[in-house]
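Here is a short report on one protein model. Keep the sequence and the 3D view open as you read.

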Amino acid sequence: MFRNVTAIERALGTGIIISSSVPISQRVQKRIRDFVEEYESVLSRFRADSLVSRMACASAGGDFEFPTWAGPLFALYSEFYAATHGAFDACIGADLLALGYDNSVQFIPKSAASASDDSNSWANYRRALPITWADISQDGGSATLHTNQPVQLDFGAAGKGYFVDLVTQILKEELGGEMPSDCDSHADFDFLVNAGGDMRACFSEENNQIKVALENPFDTTQAVGVASIASGALCASSAARRRWKVKDASGFESNLIATHLINALDGIPACDLCASWAYVPSKTCDFPTAYADALATALFVSKESDLQKIVQTTSAEFAVISPNHALRKTCAFPAHFFVD
């Protein structure tokens, strides 16, 4: 099915792999690489020259004009912010920095089973109340953000998935011609865009599928199940990835283990789940990978009932695993799990 592979190393901190049924030309590869640079120069909080870094350094705030392609991403964050009552928020960048998640952080390769071992000690953790997404005003229909103080944005909850959707759009544009209404790709051109496990498959035949192993959060060398996805997006979040020891005020490592899955209401890592997966078919929305990425994160920080409207609108299916190994999934989540 996929006889050709294009790799873009270190893009978005994880690398991107595009698998396709036909070769992708050097010209198209260059267009994608150029867009990687543009995307990071706008949204990466790890780059001192990015637009979000300039927002973080603006002592009095200001008006920040983003590229038009950022508009749908902001709309998605507004939608999830409202649905989760503020638990899902791009303004967690300040919390992540306070916990030590910057360019110098050293991740520790332990299983999710120990991710919440020290969760009770978070009761002593305090943070200053940060600015929230609701405090940032936006011009209707534009991608300009208005602030009156410094704000550290982090779009990690959905930004990688959104990038996958934008790369998918580039590939579709470059194919040329009209695509049949009942398929997600040009005839005889199937492809898969994979950015660190956030993936979108596009097939010319409706019945085509690809099998994807689902990582076991308790033992990342093994799979806990296998998903079979058609044209659409599959994303995951896990407490077994991007974990690090928090340093105290003196710079010494504490017993606290932090993850990137921050609940914006209290500024500390969510620990009620160990892993989540979300699948969104291509036909239900324009940015299925962004929604799948956001949903996988939102499941950690919010009640499933709060997300039902988004789930229904996008026809999303999802599954989660708790620290006690309990598995919950929607009835049509397209995967076979090796555990009950």
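## Surface and overall shape

Accessible areas come from the Shrake-Rupley method with a 1.4 Å probe; for residues, only the protein chains shown count as cover. By this method the protein has an accessible surface of about 15500 Å². Carbon and sulfur atoms hold 49% of that surface.

This is a predicted model: local features need pLDDT of at least 70, side-chain atom pairs count only at pLDDT 80 or more, and totals for chains, interfaces and linings use all residues. Residues are numbered from 1 along each chain as its sequence is written, and side-chain values use heavy atoms, with hydrogens and water left out.

The C-alpha trace spans about 60 × 50 × 35 Å along its principal axes. The radius of gyration is taken over C-alpha atoms, and the globule rule is 2.2 Å times the number of residues to the power 0.38. For 340 residues, a compact globule would come out near 20 Å. The protein has 20 Å, which agrees.

## Inside the fold

Buried means under 20% relative accessible area, exposed means over 50%, and partly exposed lies in between (1.4 Å probe, protein chains only). Of the 340 residues, 54% are buried. Contact means heavy atoms within 4.5 Å. Among contacts with a separation of 6 or more, 65% join residues 24 or more positions apart.

The protein has 7 helices and 18 strands. Helices (H or I, at least four residues) and strands (E, at least two) are DSSP runs, numbered from the N terminus.

## Two helices

The expected span of a helix is 1.5 Å times one less than its number of residues. An α-helix has 3.6 residues a turn, so residues three or four places apart point the same way. After α3 comes His85, with a positive phi near 60 degrees.

Helix α5 has 17 residues and reaches 25 Å, close to the expected 24 Å. Is α5 largely enclosed or open? It is largely enclosed by the rest of the structure, because 12 of its 17 residues are buried. Among them are Gly159, Tyr162, Phe163 and Leu171. The buried residues of α5 pack against β2, α1, α3, β6 (191–195), β7 (198–202) and α6.

## A three-stranded sheet

Strands of a sheet pair through backbone hydrogen bonds, either parallel or antiparallel. Two strands count as paired if DSSP finds at least two bridges between them. Here 3 strands form an open, antiparallel sheet in the order β8-β9-β18. The edge strands, β8 (210–215) and β18 (335–337), each pair on one side only.

Strand β9 (residues 223–229) is joined to β8 by 6 bridges. Ile210 stands opposite Ile229 in β9.

## Loops with positive phi

Most residues other than glycine have a negative phi, and most peptide bonds are trans. Leu12 is not a glycine, yet its phi is positive, about 55 degrees. Leu12 lies in the loop between β1 (4–8) and β2 (16–20).

His325 also has a positive phi, about 75 degrees, without being a glycine. Its loop runs between β16 (317–321) and β17 (327–329). Why does His325 count as partly exposed? Its relative accessibility is 45%.
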